[in-house]
Amino acid sequence: PCSGCSCLAPGAPTLLRLRGGPPPPAECPAVVPRCMWGARPYRGTPSALKPPLPFVYIHHTYEPGAPCRTFAACAGAMRAMQRFHQDARGWDDIGYSFVVGSDGYLYEGRGWRWVGAHTRGYNRRGYGVGYVGDYTASPPDAHALALVRDAFLPCAVRAGRLRPDYALRGHRQMGHTECPGDSLFREIETWRGFQASGAASSAPVHSET
Ligand SMILES: [Zn+2]
């Protein structure tokens, strides 16, 4: 399924770990590339990000509402979301930069290089990382939380994608949405880099400065 694409792109964590155990703490997590989940091509011409970026925004997908715990389920969720974002929303591609499965893997959305469509008004300032599922009532599995908190984020800093002093926020802090769900939001409030909103937290922010 991977012919004609780079499953071992420079800077992309190797998928060889699929055959091994969990990564040591300091290593970069495996990212399932677009070709492996059966992505359609990007539509149009993508805009380049200018890393290192200062922000990360955490989302839940809400639909699909259930965590995906197998490659087949996660790849299917990726294709469904891309189809919805392209066909119903009219976007160029799946909105998220990266998507978190509960099968132990991150999935490549727009990836490190291209501006996403995840956090309106802020897509050029940060990466959008979305957990597959609805995390209003219960949080993602502990290993899926750790994958982003302990592996993905430190790796992004070391790779020069994120600033060492990056700020992490939930989508709800940036606009009128419940995303990433009450339960997941309570989790990310404990993460390194989490930036609480000011007094105007519930108000939409109209400035990009
Ligand atoms: Zn969101």
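Guide: Helices (H or I, at least four residues) and strands (E, at least two) are DSSP runs, numbered from the N terminus. The expected span of a helix is 1.5 Å times one less than its number of residues. Here helix α2 (residues 71-88) has 18 residues and reaches 25 Å from its first C-alpha to its last, close to the 26 Å expected. This is a predicted model, in which local features need pLDDT of at least 70 and side-chain atom pairs count only at pLDDT 80 or more, while totals for chains, interfaces and linings use all residues. Residues are numbered from 1 along each chain as its sequence is written.

Visitor: Which residues of α2 are buried?

Guide: A residue is buried if 20 or more other C-beta atoms lie within 10 Å of its own, exposed if 12 or fewer, and partly exposed in between, with C-beta atoms placed from the backbone. In α2 the buried residues are C74, A75, A77, M78, M81 and Q82. They lie on the same side of α2, because they cover an arc of only 155 degrees around the axis; the arc is that of the directions from the helix axis to the C-beta atoms. The face turned away from that buried side carries the exposed residues A72, R83, D87 and A88.

Visitor: What do the buried residues of α2 pack against?

Guide: Two residues are in contact if their C-beta atoms, placed from the backbone, lie within 7 Å. The buried residues of α2 pack against α1 (34-37), β3 and β4. After α2 comes G90, whose phi is positive, near 80 degrees.

Visitor: How many strands form the sheet, and in what order?

Guide: Two strands pair if DSSP finds at least two bridges between them. The open sheet has six strands in the order β1-β4-β3-β5-β2-β6, with mixed pairing. Its edge strands, each pairing on one side only, are β1 (31-32) and β6 (162-170). Strands β2 (residues 53-60) and β5 (residues 126-131) run parallel and are joined by six bridges; H59 stands opposite G130 in β5.

Visitor: Which strands does α3 touch?

Guide: Axes are lines fitted to C-alpha atoms, for helices over the stretch in contact, and angles run from 0 to 180 degrees between N-to-C directions. Helix α3 packs on the sheet, touching β2, β3 (98-100), β4 (106-108), β5 and β6, and its direction makes about 145 degrees with that of β6.

Visitor: Which residues have the most contacts inside the largest nonpolar core?

Guide: A nonpolar core is a set of buried Ala, Val, Leu, Ile, Met, Phe, Trp, Tyr and Cys residues joined through C-beta atoms within 7 Å. The largest one has 41 residues, and those with the most contacts inside it are V56, M78, V100, L106 and Y107. Helix α3 gives the largest share of this core, seven residues. Leaving aside neighbours within four places in sequence, L106 is in contact with P29, V31, V32, F98, V100, L147 and F152.

Visitor: What is the pattern of the chain along the sequence?

Guide: The chain has four helices and six strands, following the pattern β-α-β-α-β-β-β-α-β-α. Of its 209 residues, 40% count as buried.
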